[in-house]
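Have the viewer open as you read.

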Amino acid sequence: MSFLDKLLLWLHIGFAIFAIGPVTVATSFTPRYIRARDVGVLRHLHRTTRVFGVLTLAVFLFGIALGRSALAKPYLSVSMTLFIVAAVLLVMIERDQRTAVRVLSSETPEDDAKVQTGRIAMLSSITALIWLVILVLMVWFNP
């Protein structure tokens, strides 16, 4: 393994730890703070999801650069497809977080963002499961 490959591997793993971890935590905590109607924390979780969601793209890019010669292997194709699905789900979660912050910031008492609570809980759980499946694929099938 060349120095460049080792560097790409370290960057790939580092960004996976420091970007995917926080975005997963932020998305999974959002329903709790929607139910508590804590708009300040919701704004912070929304900002965290947006920033770290963009940083997760670096995991994908470093992974592609690292596996450049083996991208045709099935486990990498499945992992990349799952990653794209998770990225789309993160976009949907971010949209629902934005809606929940807007609804809870309004003065209308009948708006309580219950729809966003259930959808964010479901999508964040699916996203976390996708991250785990990708991790298993990377550890188990990577030579």
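This is a predicted model: local features need pLDDT of at least 70, side-chain atom pairs count only at pLDDT 80 or more; totals for chains, interfaces and linings use all residues.

## The overall layout

How many helices and strands does the chain have? There are four helices and zero strands, so reading along the sequence simply gives you α-α-α-α. If you draw a box around the C-alpha atoms along the principal axes, you get roughly 60 × 25 × 15 Å.

## How α1 sits against α2

Two packed helices are described by the angle between their axes and the distance between the axes. For α1 and α2, the axes come within 7 Å of each other and cross at roughly 155 degrees. Angles over 145 degrees count as roughly antiparallel, which means α1 is roughly antiparallel to α2.

The crossing of α1 with α2 is left-handed. What kinds of residues make up this contact? Sorted by class, the contact of α1 with α2 has 24 nonpolar residues, eight polar ones and one charged.

## How α3 sits against α4

Next comes the pairing of α3, which covers residues 74–105, with α4, which covers residues 114–141. Their axes come within 9 Å and cross at roughly 160 degrees. That angle makes α3 roughly antiparallel to α4.

Is the crossing of α3 and α4 left-handed or right-handed? It's left-handed. As for who is in the contact of α3 with α4, the tally by class is 22 nonpolar, six polar and three charged residues.

## Salt bridges, and one that spans the chain

Searching the whole structure turns up four salt bridges. One to click on is R68 with D5, where the closest N and O atoms are 2.8 Å apart.

Where do the two partners sit? D5 belongs to helix α1 (residues 3–35), while R68 is in the loop between α2 (39–66) and α3. The two residues are 63 residues apart, and the pair links distant parts of the chain.

Notes
Residues are numbered from 1 along each chain as its sequence is written. Side-chain values use heavy atoms; hydrogens and water are left out. Axes are lines fitted to C-alpha atoms, for helices over the stretch in contact, and angles run from 0 to 180 degrees between N-to-C directions. Angles under 35 degrees count as roughly parallel, over 145 as roughly antiparallel, 65 to 115 as roughly perpendicular and the rest as oblique. A crossing is left-handed if the near helix is turned anticlockwise from the far one by less than a right angle, and right-handed if clockwise. Ala, Val, Leu, Ile, Met, Phe, Trp, Tyr, Cys and Pro count as nonpolar, Asp, Glu, Lys and Arg as charged, and the others, Gly among them, as polar. A salt bridge is a side-chain nitrogen of Lys or Arg within 4 Å of a carboxyl oxygen of Asp or Glu.
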